[in-house]
Amino acid sequence: MESPEKQQTPPKSSNYGEYAGYNAPYGYGYGTGEGGAGQRTFQDYVLILRERAWYIVAVFLVVFSTALIVTLSQTKIYQSTASVQVFRRDPVIMQTQAVMDNEVRSAEDLNTQVKVLESEAIVQKVADRLTGNDLAMFKAPYEREGAMGKVPITAILKRNRKVVPQRLSLMIDVQYDHPDPVVAAKVANLFADEYIAYNARVRIDESMKAVEDLKVRAEEQRKKVDEIALKLQAYREKNNLVSLDERKDIVTEKLKALNLLLTQSASKLAEAQVRWQQVKERMDAGKSLLDLPYISGQQSATATSTSLVSQLNQQLAEQEISISQLRERYRDKHPVMIAALNSLAQTKAQLQRAISDAASAVKANYQTAESDYQHARAALATQEAESLELDRYGVEYSNLERDYNINDQLLQHILGRMRETSMTSTIETQNARIVDRGLVASKPISPNVPLNLGLGLVGGLGLGLAFAFFVAYIDDRVKSSYDIESVIGLPLIGIIPEIKKMEGPDKAQIVVNNADRQVAEAFLTLHSSLRLKDESKNAKIFLTTSTIPGEGKSFMTTNIALTFAAHGEKVLVIDCDLRKPNIHKSFRLENLKGVIDVVTGTAKADDVIVRNVYPNFDVMTTGGRAKNPTQILNSKNFELMLSDLKKRYDRIFIDTPPLAAVSDAMIILPLCDGSLFTIFFNKVRRKAAQFVAHRLTDANVPNFGAILNGLNLAVSGYYYAQYYDKTYKDYYVVMAKQDPESPDR
């Protein structure tokens, strides 16, 4: 085996300066390949779980067993599903306006239908339909379990019913769970049927209600129409308006006729006035009236006078021609001439009378035309007044008639809507249909044995792991390099495996009796670690202590000392545990004289030192128990004793009491070159060890590090494979057989 002096010194720890311990990945708390303390690695957590494997197993078995028992003891529940399709709009049988708008336009409308399916009304209707044998089958499972009690059927129905709308569709699934698969299918179908029936009932009820409302409105409207009709009739009778339109037509026709008559009368009057004015002017001027055509007969004035004037004028002309011819044959006094002249004179007289009569006829015609014109004007004015009065009557009449027509139309509309609503209420239309009816399930949905057991398995493992970490969290005992280096604040310089079934003296001398080669190799490694650092390499007096009793500080002291002695150094072990000495037991020595005797002056050091217990290895016991240990340790003689022994030995190891119990070690520490802190695996509390470590480091005396004692090999064999591998164990055994007396092999 290569000597420690020839080993390469590892780099110093950045966390602990010169006393960082060895950086090899011993224990947990070092990351792979990085070797720094102060952070937990994955191996730390695995170690936590491995150390508490029975907690995990116990919790797992409890949880898994509970899940198994609960699963097997649960009542089997069957589920049946009925699918309902909701129509976007009601089927159109007749082109009529529905009372209720059931059109599904949005997700809100579909959700409304879902809520209708979930309503208490549907649940109550389904409960009402469960009667007789169906009701007995429904209640049987709950009565056997004693779960019915005072719980109403509606509550059970509501609790076990699920309404599940299918995404991106107008389909709704109605699911029902029940211990009896037949009942589950029946109830699921009842919910679907009652949903459709409920919508139909609501539609009919609303339609009938609307019909009743329309009847009331129609009756009120009819009374109003009758009231307006009576007012209209009374107005007709009051104003003699049997038929306003016909009377209006008659008056209009009369106005037209009178307007025409007035126009004609005005025209005749103008013509008659002109003729009479001409006649009057000629008569006043003494002119002949025969120049006027309507006098001479060329233009008829009257039917009689003009024709007579024309005849007389023609007759006069003929007589004048005849007289002219007779003058050629007769003289004026010829009887023929006289008769002709008399006849001519008579004709002239008649002509004058005829002209005078014609003039009188023109005047009379003028007077008649003027009278007719005045009468026509008066008749037209009278008729216009009557028309205006009739128009005034027509305005109020039209208002009454318009109100009557409007209200009558409204009445007819209400009556038509009432007949339409009454007719549509009797037509059965559905806004949904059942697509799939619920079938009798062949397999239960609950309990789901694979799922429950899987959950029990996962839950058991999870709770077991959580419980293990919880126990680890509340467990503040020192057990890892993380605890030592990060929490306590000391470098970890050695790990000593646990020793089982071995007597105390054998343990104290294990590095030389070859009882456990792994432990011996661990002390050799510890020896090498102490030789790697200058202060620990050059130190002569080592103080070993612990936090509490039972951590193996005496075991650690003797074996480290024996290891140094085996390497050729002269070593002395001093038992300074004056309260409970233990070193003499470790080597089966008597404890009659020792430190107490040297300090009190009753003996010299050479007298009490037990020499050559092993080669290069001497022991000084306490010499009994002291009643005043602090006084002895504080005495000048004790200091002189150590000073003298330091000159005579290469290494001196002082075993002291636990520092958490008494302060003896703090009295001795200033006289030493450094201290070693022993920590037993999974025994001492972190806070207690931290307190003691702070006391050691605050004394301004180097602390070479902490030694983890009693590491469980079951743990170290897995997590300290670099150091405690099974193949190494085989190697140790072989080496022991080859050279059982060699402590350095």
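Of the 745 residues in the protein, 42% are buried, where buried means under 20% relative accessible area, exposed over 50% and partly exposed in between (1.4 Å probe, protein chains only). The model is a predicted one, in which local features need pLDDT of at least 70 and side-chain atom pairs count only at pLDDT 80 or more, while totals for chains, interfaces and linings use all residues. Residues are numbered from 1 along each chain as its sequence is written, and side-chain values use heavy atoms, with hydrogens and water left out.

The protein has 27 helices and 12 strands; these are DSSP runs numbered from the N terminus, with helices being H or I of at least four residues and strands E of at least two.

Let us begin with the four-stranded sheet. This open sheet runs in the order β2-β3-β1-β4 with antiparallel pairing, two strands being paired if DSSP finds at least two bridges between them. At its edges stand β2 (161–165) and β4 (432–436), each with a single partner strand, so one side of each has no neighbour in the sheet. From one strand to the next, the twist averages 30°; angles here run from 0 to 180 degrees between N-to-C directions, and axes are lines fitted to C-alpha atoms, for helices over the stretch in contact. Eight bridges join β1 (residues 78–86) to β3 (residues 171–178) in the antiparallel sense, and V84 stands opposite I172 in β3. Helix α3 (residues 107–117) packs on this sheet, touching β1, β2 and β3, and its direction makes about 25° with that of β3. Helix α7 (residues 181–239) lies across β1, β2, β3 and β4, at about 20° to β1.

The other open sheet has eight strands, in the order β5-β12-β11-β6-β10-β7-β9-β8, and its pairing is mixed. Its edge strands, β5 (492–497) and β8 (609–614), each pair on one side only. Strand β5 is mostly covered, with six of its six residues buried. It pairs with β12 in the parallel sense over four bridges, and P497 has L711 in β12 as its bridge partner.

Next come the cores. In soluble globular proteins, nonpolar side chains tend to be buried together. A nonpolar core is a set of buried Ala, Val, Leu, Ile, Met, Phe, Trp, Tyr and Cys residues joined through side-chain atoms within 4.5 Å. The largest has 49 residues, and those with the most contacts inside it are I574, M620, F638, L645, I654, F677 and I679. Leaving aside neighbours within four places in sequence, M620 is in contact with residues including L572, I574, D575, V608 and L645. A second, separate core of 32 residues includes V251, L269, L292 and L326.

Finally, helices α16 (residues 517–532) and α18 (residues 553–566) pack at an angle of about 70°, with axes 9 Å apart. This makes α16 roughly perpendicular to α18, a term for angles of 65 to 115 degrees, whereas angles under 35 count as roughly parallel, over 145 as roughly antiparallel and the rest as oblique. Residues making the contact include F523 and L530 of α16 and F555 and I560 of α18.

How values were computed. Contact means heavy atoms within 4.5 Å.
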